[in-house]
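Thanks for asking me to look this one over. My notes follow as numbered points.

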Amino acid sequence: MVFSSSVFLIVFLPITLLAYFIVPARFIKARNSVLLAASLVFYGWGEPKYILIMIFSIVFNYVCGLAAGKNRSKAVLILCVVGNLALLGYFKYTDFVLETVNRLAEAGLALPGIALPIGISFYTFQTMSYVIDVYRGKVEAQRDIITFGTYVTLFPQLIAGPIVRYSDVAVMLVGRKTNLEQIAEGVRRFIIGFGKKVLLANQIYVVWMELSTMENLSVSAAWLGAVAFTFQIYFDFSGYSDMAIGLGKIFGFDYLENFNYPYISRSITEFWRRWHMSLSSWFKEYVYIPLGGNRKGLSRQLINISIVWILTGLWHGASWNFVMWGVYYGIILIIEKLGLLKVLEKCPAVVGHIYSLILIVIGWVIFAVDDMGKVAAYLGMMLGSSQVFT
């Protein structure tokens, strides 16, 4: 089920709103129960069997959170991280790893064809961050499993983010009020996001699909297709975030912003402060800083940046183009860190904008095309020759 579907707009959302607001605001646990039940229905609409995986994740991390909060045990933290990553790795990367082994070693291993549960990357990161924050003493362990389950499954941001940390909504989970002004703002934000997704992203995607499947494009046509995807993915991702933030407001939750006009950036460093901010901040907080961040010298910092961006690429999908996309941005960010950023800051703003947009458009081509040979061919056409990278 998606936000733009008739089933969601005409059936699911009205019923959920009715059931939610029938319950008096003072009965917050009952309202959470309504949201939990509705979210499980939303999640299981296409593949009901995957509800079991989500329920397992809820129970597993709920127990880990209680244990981590009780004795701050590092063993519990390791168990939590390993368990969550194992679950994510099995469903998301098993076929990818076996396929890679087959290509490199001609092993002939059978691919199990494991289907990817929708939203597993998002709720896995949310549950891991919760237990880590409990271990660090940043938040108290949630003792009510219904409340915790509501946090994990909350349907507005379940499928495509933003990644919501428990610390950002802990107070709202146990006490929130919704007024007409907030509901109106939520509806307005949802409509804006809906327009981005349906009126802009879906239509622009047709242009990209038409051009990306053609051979021997002119330079201008190849760039037109790449620019089309650049706008499509922004309106798609930011549109979904707008809808999620809007729905959250209707139910009394204030989610943090996820996009902040990323295409006005004057550097790639700035771009990643503005694009998918919840993901960038998650990797910074739970990967980059624990690895040492910039506290252990420049060489270690560059290694940490490389690790973060390889993982960022893999998080987006089990395909080599996503890995290369992460490597691509990791290299650019390292070059900026080594001195280019200071040069850009001294240049006129237009220079930084053009530099950033060109690299961003190229990056989206790597992201969009899942065959590295086709990526090379398309980039070659953008440069005037399909043979440039072959």
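1. A word on burial to begin with: a residue is called buried under 20% relative accessible area, exposed over 50% and partly exposed in between, using a 1.4 Å probe and protein chains only. By that rule Gly 252 is buried, as its relative accessible area is 6%. Gly 252 sits in the loop that joins α9 to α10 (268-274); helices here are DSSP runs of H or I with at least four residues, numbered from the N terminus.

2. Please keep the origin of the coordinates in mind: this is a predicted model, in which local features need pLDDT of at least 70 and side-chain atom pairs count only at pLDDT 80 or more, while totals for chains, interfaces and linings use all residues. Residues are numbered from 1 along each chain as its sequence is written, and side-chain values use heavy atoms, with hydrogens and water left out.

3. Not counting residues up to four places away in sequence, Gly 252 touches Met 172, Arg 176, Lys 177, Thr 178 and Gln 182, where contact means heavy atoms within 4.5 Å. From Gly 252 to Tyr 43 the separation is 209 residues in sequence and 21 Å in space, C-alpha to C-alpha.

4. With neighbours within four places in sequence set aside, its contacts are Ala 201, Tyr 234, Phe 235, Ser 238, Gly 239 and Asp 242.

5. Ser 278, in helix α11 (residues 277-291), is likewise buried, with a relative accessible area of 9%. Beyond residues up to four places away in sequence, Ser 278 touches Pro 162, Ile 163 and Asn 258.

6. Helix α5 (residues 120-136) passes a simple length check: at 1.5 Å a residue, its 17 residues should span 24 Å, and its end C-alpha atoms are 24 Å apart, which agrees. The expected span is 1.5 Å times one less than the number of residues. Of the 17 residues in α5, 15 are buried. Just after α5, Gly 137 has a positive phi of about 80°.

7. How do α5 and helix α6 (residues 145-153) pack, and at what angle? The angle is about 135° and the axes are 9 Å apart, which makes α5 oblique to α6. On α5 the contact uses Tyr 123, Gln 126, Thr 127, Ser 129 and Tyr 130, and on α6 Phe 148, Tyr 151 and Val 152.

8. Helix α4 (residues 74-105) packs against helix α12 (residues 298-316) at about 100°, with axes 10 Å apart. That makes α4 roughly perpendicular to α12. Angles of 65 to 115 degrees count as roughly perpendicular, under 35 as roughly parallel, over 145 as roughly antiparallel and the rest as oblique. Lys 92, Tyr 93 and Phe 96 of α4 meet Leu 314, Trp 315 and His 316 of α12.

9. Finally, the largest nonpolar core has 116 residues, and Phe 155 and Trp 364 have the most contacts inside it. Such a core is a set of buried Ala, Val, Leu, Ile, Met, Phe, Trp, Tyr and Cys residues joined through side-chain atoms within 4.5 Å. Helix α9 (residues 219-250) gives the most to this core, with 14 residues. Leaving aside neighbours within four places in sequence, Trp 364 is in contact with Phe 229, Thr 230, Ile 233, Tyr 263, Phe 271, Trp 275 and Trp 325.

Definitions and conventions:
Axes fitted to C-alpha atoms, helices over the stretch in contact; angles between N-to-C directions. Helix = DSSP H or I, 4+ residues; strand = E, 2+ residues; numbered from the N terminus.
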